There are 2 protein chains.
Amino acid sequence: MATKIPYKTYLTEEEMPRSWYNVKAHMKGAHDPFLNPATGKPCTKEDLRAVFCDECIDQELNNTDEYIEIPEDIRNFYKTFRPSPLVRAYFLERILDTPAEIYYKFEGNNTSGSHKLNSAAAQAYYAKKQGLRSITTETGAGQWGTALSMAAAFYGLQLDVFMVKVSSEQKPYRKEVIRTYGANVIPSPSETTEAGRRILREFPETGGSLGCAISEAVEKAQNTPSCRYVLGSVLDHVLLHQSIIGLESKAALEKYGVTPDVIIGCAGGGSNLGGLISPYMGERLQGKNQIEFVAVEPASCPSLTRGKYAYDFCDSAKTTPLAKMYTLGCGFMPSPSHAGGLRYHGMSPIVSRLYHDGYLRAVSVKQSDVFDAAVLFAKCEGILPAPESAHAIRATIDEALKCRKEGRKKSILFGLTGTGYFDLAAYKQYNDKTMNDYVPTDEDLRRGFETIPKCAANDGLL
Amino acid sequence: MATKIPYKTYLTEEEMPRSWYNVKAHMKGAHDPFLNPATGKPCTKEDLRAVFCDECIDQELNNTDEYIEIPEDIRNFYKTFRPSPLVRAYFLERILDTPAEIYYKFEGNNTSGSHKLNSAAAQAYYAKKQGLRSITTETGAGQWGTALSMAAAFYGLQLDVFMVKVSSEQKPYRKEVIRTYGANVIPSPSETTEAGRRILREFPETGGSLGCAISEAVEKAQNTPSCRYVLGSVLDHVLLHQSIIGLESKAALEKYGVTPDVIIGCAGGGSNLGGLISPYMGERLQGKNQIEFVAVEPASCPSLTRGKYAYDFCDSAKTTPLAKMYTLGCGFMPSPSHAGGLRYHGMSPIVSRLYHDGYLRAVSVKQSDVFDAAVLFAKCEGILPAPESAHAIRATIDEALKCRKEGRKKSILFGLTGTGYFDLAAYKQYNDKTMNDYVPTDEDLRRGFETIPKCAANDGLL
């Protein structure tokens, strides 16, 4: 084992970033604005105020400042789980017998088991600073709900989590972690909101959906004094908070004079990928590097590789602003056979725009190939990856094997967003060889596309 | 937040210990030797060879060398999960409003979720080096089985894990992690061994016990060519491997000129506590410090605080050598209401001797008090602790509150051995307020003591 570069690199606390990186500062015209579906006009700060915290709205609408300072209180909370390690995957390289150098940024060493805590910490802090008493959100796989419950406990905020009912039943221990941190878990659809009651009247047996849970949480925020809604992915301010992943990776790699040739991240809503690539992408947009950026999505929910670039709702209940993004249609339902997250119909508008403009490549991978990669990785590098993260591992292994075949030495950086400790039902399927590789048919996609709104902004796009 | 001392301290890879610390080198006459129950005489290397790896036996019987080198291959594997962080618990200090300085060494940042991997890495390596094809062990709560499956996968060894049947049913996901790393999980008692079949004939409905699983694994090792048995706690060589916890803690604290006034660890079999304290205890035995060492055990299984210091079997099936230790009797069955590990009837002979000689203080704590401490800790420090580890947190909080009352500034170091991600059924009991605080009656203890063997070596001790 050559160890000029250590296996793990931790920045010191003094070296931790003091600002987030706002990649929009270098995106020409940034991405297209959110539209108010009632008026068809760009959302104003006022449109968003009843739902989101003021500071998050300012960040959402900030297309000009390259760096935005991280308040000291957030930096202090970050110290409980950051800096995260940048790992040189010596053992994976050895087993692949590849000339490639593989690095990964591991964001799973915290109780939420994922990178979600980076934005939860920030959003809970801003809610507290604004003098709010409570926040509310939805959770599907449960990582975001856990992360937010930790942040809410830390800052002393009340939290209501609308948890997709089928998730809360299939993952009772995820629910229990959230409860342990003092948050209130409400299986969705619930009787506590008009949106929930409407769904229950129409589909009494439903197991719920992320779209419905979002609608319930938004309604709760709008109807509760001193309460706001927070979201764990997709939005620009979430990507901003996640830029700490890329900034730390870059600072660590620069110690060894390494600039990656390829950066690979899994993409569901896009927050991890966006955060990982943003400082490098900022340089790329200025012509300062020629890094290849790769988004990896599941073949079962292929928003970038098979979706349309159009204005769509962020939720399936059609209550949110319209975002210009790659989407399978807000009514697209990914197969329940797909493990873990990455089940979102759309994609972060920032990531979508970068992809549309050719700065980002996208690949889709099948579930069983993803778990092959996950288990190989676990056995040599120790960490049991989350199924989401394993999408990036799959693409990394493929890239490294290509390097071997071509005899090329590349530096590959990928984001290992989290651990699979709460995904063992999926690993059991894999171990039992009962996992399937569902891929939507063209007809499935057509039905999804029909749910994209036919508004003026979409003229010529559909 | 005063940050002269960082929140987290990681040693660099160059600073990681290159040798383990053998505290027995400074224990006068070390502890009393293991006895062969058939002859009543001290166990020889030959007695142990059919069961244990040669190198582990050498380490087990080594009472003289203060330092034992860690082979390079093990140090490389250690890099996948070490160095572990030494954390200054600023947020816990703040919430307790205590003048005490609190530090903890966090060993939970690996897939096994505990410190067990420190010894699993070593024992699997030595088995491989000896040219063995397979190893076997037992697991109860599952941390040790997971750790060993990781190490076996890393070194390419076949592994059979006898998992207490009730655990394998109650913790299916623990079983699944072990399977994912390629090991074979056998619910115990099983039909695969004579010991298992005997138990099944006598108690067809039994959920199994750690004692029975040990007997099955030992039998399997004895009857399988090129296979040995490995154990995750209690034995001297396991404590030796765990000394890396104490060595790293000491190296990190010495950077800031800090010597702890008190060192606190939870104690089940004693490997974590023994490893944490060993380098400090070595100095104490040489009169170089006056540190107070505290073992924290559950009130439901109080081997140090209410047990007898006598020769006893290490397993309930009475197949192992006799160890001189604090014991509740090898037939003592802790209440099933007790969450997590720390359910062992005995205690590491090294820890027992140190306690007997007055170098170590022991306290017992009740389960609900332990979970009160766990949840307080999780909310301010972020980490959801394993129930075992939370015993040390309880005692640390009590010590810190005493410091506040007395206006005394002490430096407290405790061992945070692992995470509670697989213990959420216990947290659910706590959240639902259905947890109970069982403490064995004098009559329960009397029945346990009757199972301690009445042999010559125990004359005058019972």
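Predicted model: local features only at pLDDT ≥ 70, side-chain atom pairs only at ≥ 80, totals over all residues.
**Cavities and a parallel sheet**

The largest cavity holds about 270 Å³ of space. Its lining is made up of 31 residues, and those closest to the centre are N109(A), N110(A), F106(B), N109(B) and I383(B).

Let's move on to the second largest cavity, with about 210 Å³ of space. Here 23 residues form the lining, and K8(A), N109(A), T80(B), F81(B) and N109(B) lie nearest the centre. The lining of this second largest cavity comprises 14 nonpolar, 7 polar and 2 charged residues.

Now turn to chain B and its open sheet, where 4 strands run in the order 8-7-6-9 with parallel pairing. Strand 8 (184-188) and strand 9 (227-229) of chain B are the edge strands; each has a single partner strand, so one side of each has no neighbour in the sheet. From one strand to the next, the twist averages 25°.

Further into the sheet, you can follow strand 6 (residues 134-139) of chain B alongside strand 7 (residues 158-164) of chain B, a parallel pair joined over 6 bridges. Within this pairing, E138(B) sits opposite F162(B) of strand 7 of chain B. Helix 10 (residues 210-223) of chain B packs on the sheet and touches strand 6, strand 7, strand 8 and strand 9 of chain B. The direction of helix 10 makes about 170° with that of strand 6 of chain B.

Key. Residues numbered from 1 in each chain as written. Chains lettered and ligands numbered in written order. Heavy atoms only, no water. Pairing = 2+ DSSP bridges. Helix = DSSP H or I, 4+ residues; strand = E, 2+ residues; numbered from the N terminus. Axes fitted to C-alpha atoms, helices over the stretch in contact; angles between N-to-C directions. Contact = heavy atoms within 4.5 Å. 1 Å grid on protein atoms, 1.4 Å probe; cavity = no way out; pocket = protein on both sides within 12 Å on 5 of 7 lines; lining within 4 Å. Points joined across faces, edges and corners; volume = space filled by probe spheres on them. Nonpolar A, V, L, I, M, F, W, Y, C, P; charged D, E, K, R; others polar.
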